[in-house]
Amino acid sequence: HPWAAPLWGLALAGVEIASPGGSLLVAIVTGVAGAWIPLILRPLHHLLGWSWQQSLEATTLAEQLREQRGKLNRTIKDLDASYQLLQDTSRDLALARLEADALRDLRNRFATNLSHELRTPLNIILGFSDLIYRKPQLYGYGTWKESLRRDLAEIQRNAGYLSELVSDVVDLARVDAFTMPVRRELTDLRTVIEEALATAQSLARDKRLALRAECPPDVPPILADPLRIRQVVFNLLTNAIRFTSSGSVTVTLAQGQGEVVISVRDTGRGIPAHELDTVFEEYYQVGRSRTDPDVGKGLGLAIARRLVQLHGGRIWAQSTVGVGSTFSFSLPLQEKPLTRTGQSAPGPVLPRRNRPRLLVLDQEGSAAGYLARRLDGFEVVSVSTSSEIEAASGEIGAAAVIAGYHVDESGLRETVGSQLPAEVALIECTLPTSDWLLHGHRFAGLVSKPVSGDQLLESLNQVLPANEGRARVLVADDDRGFVRLVSRLLESAPEPRFEVLTAYNGRDALEKARYSCPDAMLLDLVMPEMTGFQVVEAMQESPTLAGIPVLAVTAATPGEDEVLAEGAVFTVSRRGAFRPGELVRLIKTVLGDDSLSRAVSD
C-alpha cells in the first residue's frame, strides 16, 4: 500500500538516529523519501486497482458470456428443431390440402362422370317406358291391360325419381367442390319468392293446401344469385308440402340487423326436437319409411344449406310436433366473400358496379351466358361485333376482351388488339357452347340427351324438306340402347315418314353414309374408331356427302365433347408490356391446375 512507505521511512529514520554513530542527515533523507513515495506510487496504485477491477469485471463478463452463449446455443438448437418441425408441419399441411383438393375434385368428377354415365341409360328407360305406355300399337297391341299400365307408370315414376336423384347428387357435389356456378346480381327477393310459389302451386293444389306469401314492400334488393335462391325457396316449399297433409304453407320475408330472413312455415306433423340438428344432412329422412308415398330423396335440405352458405348466409329449423315447422335462412345485405371452407371471410366487399368487367364477343349470347354463370366476381358484357369493342372498353373500363376461338372475325388480333388500351388483354379461347360446336364443323343442329320424341322430330323437320315423302335417317351412336330408342321414336311419329339406318361407331357410320346417302344423320360426337367430328370432316371432303344435314348428339354441355375430342385453345395477347413479375405470375396461374401441370410436364 502507498501509505506503508512513510511508515517504513519513519521507522528507518528512528533506527538511524537511535543507533550509535547514526547520521541525522540520513535519517532526514530517509523520512523525506518515505513521505514522497506515496505521492509517486499513488497513481500506480490507482492504475493497478482499476486494472484489477477491470480484469475482475472482464472475468465476470466472460463467465456470463460463456453462460449466455451456452443458452444461445441451446436456443439455436431449439429453434432449429422448431423450424424443422414447422417445415414438416407446413409440408404435411400442404400435402393435406392437396389431398383435400384432390378428393374434392375427385368427388366432383365422380359425380359428373356418374351423371354422364347414368343419364343415357335413364333416358333410354324413360323414353322406352313412355313410348310403350303411349304407343302399344308399335308392339302389336291395341291397348294395354290396366295392371300393365300401372306397372309401366311405376317404372316411369321410379326412373324419374332416379333421374332427379342423379341431378341432386351432381348439384351437391358441385357445391362441395366449389364448382357450382353462382352469379350474384341485384335481386328482388319478393320476385324470387313469387316465382318459387308459382312453381310449387301445382304440388299444393294436389294436396289442397293454401300457399301464402307475406313480403313487406320495404325490403331492399340484395346481391345474390336469383336462380340459386329460388332453388332454396322451392326446396323448402316442396319439403313443407310433402310433410303437410292439411292447412297451409306460408313464406315470409323480413329484414333484420344487416340481413334478410326468408322463412317457410307449415302446419304439418312437425319434427322432434332431437332431429332438428340433423335434418340438413344428406339422405336424412325425418322418421320416414322408404315405402312412404311422400318420401323424398333426402337431398333437398342439404342442397339448400350449401347454396345458402355459398351466399354467406345461414339456415336453421324450428318445429313443434303436431303443430308444424318453420325453416328459415338468412342472406347478408352486404355480400360476403367465401373461403374454400365455405365460411364467409371478414372485410368489406366492393359493390357489383366496381367489379372487373369482361367483354365477350358473342353473336348469339350463349358464350356470354356460359361465362357469366361460371365467373363469379366479374361482370360479363356481351358485344355482337368487333366494332363495338373499342367503344365499350373505353366506356365501361373492361379488364379483358374474350372471343371464342371460332369467331369469324378476320384479323381479330390486329384490328381489335391494336385498338384496346394497353392494360386490356385480348383472350381467344375455346368456349364449350352450341355456337362454337356448330360453327366450325358445319353441323346443321344440335340434339342434347336426354332426347324426347317431340324434340327429335322438331330437329329433323327443321333440316329435312317438307312434303318430300319418306326420309332416310342414319342414326350413329356407340350406345345401342340409344340407337334403338331413337329408332322407336321415329317409327312412332304421327306420320311414318322415316326410314331408319343404324351405325355403332364412326367408321361404320361413314361407310353406311357413302353407300346409302341418307337424307339426314344423327351423329354422336364421341365414338370409337372415328369421332363424330372426324366423320363430318370426311363427309365434307366427299361431293356426294357434303350436302347431307348432320345433327350433333351430345350428352354433355354443348361443346364440351369437342374439348374432349379435339383439345382446347387459349391465347392471351396485350398491347402493353409485362410489368415486373407479371409474366411469371401468368405462367404460374396457367400451370396452377394440377391436371394441366401434369399434362405440361408429360
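Tutor: Start from one residue pair in this predicted model: arginine 472 has glutamate 499, in β14, as its bridge partner. The two strands concerned are β13, residues 471-476, and β14, and they pair in the parallel sense over 6 bridges.

That pair belongs to an open sheet of 5 strands. Read across, the order is β12-β16-β15-β13-β14, and the pairing is parallel. In general, strands of a sheet pair through backbone hydrogen bonds, either parallel or antiparallel. At the edges lie β12 (445-448) and β14 (498-503), each of which pairs on one side only. On average, and with direction ignored, neighbouring strands here are turned by 20 degrees against each other.

Two helices that pack on this sheet complete the picture. Helix α13, residues 506-516, touches β13, β14 and β15 (520-524). The direction of α13 makes about 140 degrees with that of β14. Helix α14, residues 532-540, also packs on the sheet, where it touches β15 and β16 (550-554). For α14 the reference strand is β15, and the angle between the two directions is about 145 degrees. Strand β15 is thus touched by α13 and by α14, while edge strand β14 is among the strands that α13 touches.

Technical notes. Residues numbered from 1 in each chain as written. Predicted model: local features only at pLDDT ≥ 70, side-chain atom pairs only at ≥ 80, totals over all residues. Heavy atoms only, no water. Pairing = 2+ DSSP bridges. Helix = DSSP H or I, 4+ residues; strand = E, 2+ residues; numbered from the N terminus. Axes fitted to C-alpha atoms, helices over the stretch in contact; angles between N-to-C directions. Contact = heavy atoms within 4.5 Å.
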